[in-house]
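Please look through the sequence and the structure below before reading on, and keep both at hand while you follow the paragraphs.

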Amino acid sequence: MVYDLTADSMLYAKHEKMILRPASTMKILTAVTALDNLGGDYKFRTSLYYDGELKGNILEGDIYCKGGFDPAFCSKDMESLIAAITSSGIDTIRGHIYADVSFKDATKYGEGWCWDDENFVLTPLPYNRKLNEVFMDVFQRRLSEKVCLIEDSCEHKKTKVVPSSAIFLTERTHPISTILNRMMKISDNLYAESMLYHIAHDYKGNNASAKDGLRKIKSLVTRLGFRASDYRLADGSGLSLYNYVSAELECAFLKYAFQNNDIFYYLYPSLPIAGKDGTLEKRMKRTVAAGNVHAKTGSVSGVSSLAGYLTSSNGHFLCFSIINQGVMKLSESKFFQNRICQILCNP
């Protein structure tokens, strides 16, 4: 489907209502819903608290690492958490170190993910794309280099919700634009699933599930004039083989984003640019589409897709969605998609 946003009219459509697997163009639905619900100022947070009594430099109490499912959390952020403890004057901790993982439910993998893929784990405290236990191992080890831990040798892998009496120490944050950029440019699935859970948490609160996030996507589907029951939404990244949408629905989300500047301002620059960067860096080079097409790619076994925006030769701004299914050779479908984009851009 190709829609002329400038003229607000359909340009071309073929089997646009057919329900197909979107692969990673599913991330468009997740991104638009996230920006619509969370806003461009939203931040992904990892917070640090302590509870108990501070006697001089000795903490008679516990430390809490509260996860906010920030996939961008890195070693620099970890060092910042440690520094917050030492700069507060604490040099001895007579207590335990807990992980607060109440941000989301205990589900580790997405619905419909292939068992034989190298799947990441959906944890509120990711560190190098691994379990919250890895986060806590590193935190405890780094902390023990700076602070004397009296009673914590075997307790740092326990989980506990931060009590209301706890005192805030510090937090590390990353803006939604940072998460969105990696999620879209290089099609990072972990970042997309994190985005889905932030939609869910904003809607449901603690122990939110993927289904809570998908309910918000379905809500937007309904607002756009479609029946949510006509589609199958299983995850936020498109990694699941259970996702089924249509080119028409993807174009509706792209159109909605274009009509809402608070969404489009963040979505458009996050999309890969043909011949320039992201997953489109090597596609459509030295053609009229290079530098013009801003679109999300998608591919899983048997599926290749491309959806986004471009400016046509008459200056009109277009959105489009192409989903090829039953594909044996991805190179053939990519060539087909490239040619359509070049024709649309051709002067």
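The paragraphs that follow look at a few residues in loops.

This is a predicted model, in which local features need pLDDT of at least 70 and side-chain atom pairs count only at pLDDT 80 or more, while totals for chains, interfaces and linings use all residues. Residues are numbered from 1 along each chain as its sequence is written, and side-chain values use heavy atoms, with hydrogens and water left out.

Begin with aspartate 235, which sits in the loop between α6 (210-223) and α7 (247-259); helices here are DSSP runs of H or I with at least four residues, strands are runs of E with at least two, and both are numbered from the N terminus. Aspartate 235 is buried and yet has no salt bridge, the nearest side chain of opposite charge being that of lysine 27, 7.8 Å away. Buried means under 20% relative accessible area, exposed over 50%, and partly exposed in between, with a 1.4 Å probe and protein chains only. A salt bridge requires a side-chain nitrogen of Lys or Arg within 4 Å of a carboxyl oxygen of Asp or Glu, and in assigning charge Lys and Arg count as positive, Asp and Glu as negative, with His and the chain ends not counted.

What does the side chain of aspartate 235 have 2.9 Å from one of its polar atoms? The backbone nitrogen of glycine 238 lies there.

Phenylalanine 69, between β4 (58-66) and α2 (75-87), is buried with a relative accessible area of 0%, whereas asparagine 207 is partly exposed at 46%.

Key. Polar contact = N/O pair within 3.5 Å; in protein donor to acceptor, adjacent residues only side chain to side chain.
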